[in-house]
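This report describes a single protein chain at the level of its secondary structure, its packing and its backbone geometry. The sequence and the model are shown first.

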Amino acid sequence: MLDAHDDAGTPGRGRPGEALILVTEDEPEIADILTAYLERAGLRVVRAEDGRRALDLHLTLHPDLVLLDVQLPRLDGWQVLAEIRHRGNTPVIMLTALDQDIDKLMGLRIGADDYVVKPFNPAEVVARVQAVLRRCSGEGGARSPRVLRFGPLRIDLEGHQTLIETTDGDSLPLDLTLTEYRLLVHLARMPKRVFTRMELLEACLPEGEALERTVDSHLSKLRKKLEAQGVAGVPTNVRGVGYRLGDV
C-alpha cells in the first residue's frame with residue numbers, strides 16, 4: 001500500500017500480475033479500511049488523498065482501476081473522472097455520501113463504471129472491484145489489458161514501452177530491441193508458464209528462420225538489461241525445458 005502523503009511511488013504488496021487499484025479518498029480511516037480489504041483480496045493498492053494527486057498517479061502508474069471519492073480537495077471526483085475519461089478507459093468506481101439519483105446519473109454520464117454510496121460494506125466494494133476488473137479485462141467484456149505488470153516491471157502495450165518502477169517513486173524506461181520487447185510481453189502474459197524455445201521463436205521471431213538458440217541470445221541480453229536496473233533473475237531458465245518470466 002502507498003499513501004499519497006508518503007510521496008513514494010511503489011505499488012502495494014502483491015504477487016506478479018495482480019491488479020493495481022488507485023484509492024482516491026481524503027478520509028484516512030475510510031482509505032485504511034478499503035486498503036486493508038483490497039490487499040486481503042490479493043490486490044495491490046496505491047493511495048491519493050486529493051484529486052490532483054490522483055491524476056498524477058494515474059498518469060505515472062496506470063492503475064487497473066480507480067476507486068474515486070466525489071468530494072475531494074483540489075479537484076473533485078467529477079473533474080478527476082472527466083480527465084481520466086479524456087485520457088482513456090481506465091475503469092472507475094465512484095464513492096460518495098450523496099445518495100441522490102442525479103449524482104449517480106452524472107457519474108454514469110461522464111463515464112463511471114459503477115457507483116457506491118457511503119456508508120458501504122467494504123467487502124461489497126471489493127466484490128464490485130473484482131467484477132469490474134473481470135468485465136474490463138476481457139473475461140466477458142470488451143476491454144482488454146493495456147498494461148502488463150510483473151513486480152517492478154510495467155509494460156504499456158499501447159505505448160509500446162517498458163518501465164521499471166523504483167522504490168523512490170520514479171519510472172525508468174527500459175531500452176529494448178523489438179525482439180526483446182516481444183519476448184518480454186509474451187512471457188509477461190503468463191509469467192508462471194514455461195515456454196519452450198520453439199514456442200518463443202514462433203511467437204516472437206516469426207519473420208526469420210532463426211535457430212532456437214537465437215532465443216537464448218536475445219533473452220540473455222534482456223536479462224542483462226533488467227539486471228542493470230536492479231531486476232535480477234528475470235527471465236528464468238528452466239533447464240531442459242525453456243523459459244518463464246519467473247517469480248518475484
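A residue counts as buried under 20% relative accessible area, as exposed over 50%, and as partly exposed in between, with a 1.4 Å probe and protein chains only. The model is predicted: local features need pLDDT of at least 70, side-chain atom pairs count only at pLDDT 80 or more, and totals for chains, interfaces and linings use all residues. Residues are numbered from 1 along each chain as its sequence is written, and side-chain values use heavy atoms, with hydrogens and water left out.

**Overall composition**

The chain has eight helices and 12 strands. Helices (H or I, at least four residues) and strands (E, at least two) are DSSP runs, numbered from the N terminus. Of the 248 residues in the chain, 47% are buried. Contact means heavy atoms within 4.5 Å. Among the contacts in the chain with a separation of 6 or more, 59% are between residues 24 or more positions apart.

**Packing of α1 and α5**

Two packed helices are described by the angle between their axes and the distance between the axes. Axes are lines fitted to C-alpha atoms, for helices over the stretch in contact, and angles run from 0 to 180 degrees between N-to-C directions. Helix α1 (residues 28-40) and helix α5 (residues 122-136) have axes that come within 9 Å and cross at roughly 55°. The two helices, α1 and α5, are therefore oblique to each other; angles under 35 degrees count as roughly parallel, over 145 as roughly antiparallel, 65 to 115 as roughly perpendicular and the rest as oblique. On the α1 side the contact is made by Ile-33, Leu-34, Tyr-37 and Leu-38, and on the α5 side by Pro-122, Ala-123, Val-125, Val-126 and Val-129. By class, the contact of α1 with α5 has nine nonpolar, no polar and no charged residues. In this scheme Ala, Val, Leu, Ile, Met, Phe, Trp, Tyr, Cys and Pro count as nonpolar, Asp, Glu, Lys and Arg as charged, and the others, Gly among them, as polar.

Ala-123, which lies in helix α5, is partly exposed, with a relative accessible area of 39%. The C-alpha atoms of Ala-123 and Ala-41 are separated by 9.4 Å, although these residues are 82 residues apart along the chain.

Strands of a sheet pair through backbone hydrogen bonds, either parallel or antiparallel. Two strands pair if DSSP finds at least two bridges between them. Strand β6 (residues 147-150) is joined to β7 by four bridges, and the two run antiparallel. Four bridges also join β7 to strand β8 (residues 161-165), again antiparallel.

| Hairpin | Residues between the strands | Turn residue and phi |
|---|---|---|
| β6 and β7 | two residues | Gly-151, about 55° |
| β7 and β8 | four residues | His-160, about 50° |

Val-147 has Asp-156 of β7 as its bridge partner, and Arg-154 has Leu-163 of β8. In a regular strand the side chains alternate between the two faces of the sheet. In strand β7 (residues 153-156), Leu-153 and Ile-155 point one way and Arg-154 and Asp-156 the other way, and all are buried.

**The sheet of β10, β12 and β11**

Three strands form an open antiparallel sheet in the order β10-β12-β11. At its edges stand β10 (195-196) and β11 (236-238), each with a single partner strand, so one side of each is left without a neighbour in the sheet. Two bridges pair β10 with strand β12 (residues 242-244), and Thr-196 has Gly-242 of β12 as its bridge partner.

Asn-237 is placed in strand β11 and is partly exposed, with a relative accessible area of 38%. Leaving aside its neighbours within four places in sequence, Asn-237 is in contact with Arg-197, Arg-223, Gly-242 and Tyr-243.

**Backbone exceptions**

Most residues other than glycine have a negative phi, and most peptide bonds are trans. The peptide bond from Lys-118 to Pro-119 is cis, with omega near -5°, and Pro-119 lies in the loop between β5 (114-117) and α5. The bond from Val-234 to Pro-235 is also cis, with omega near -10°; Pro-235 is in the loop between α8 (213-228) and β11.

His-62 has a positive phi near 50° and is found in the loop between α2 (51-61) and β3 (65-69). At 22% relative accessibility, His-62 counts as partly exposed. Arg-74 has a positive phi near 70°, lies in the loop between β3 and α3 (77-87), and is exposed, with a relative accessible area of 64%.
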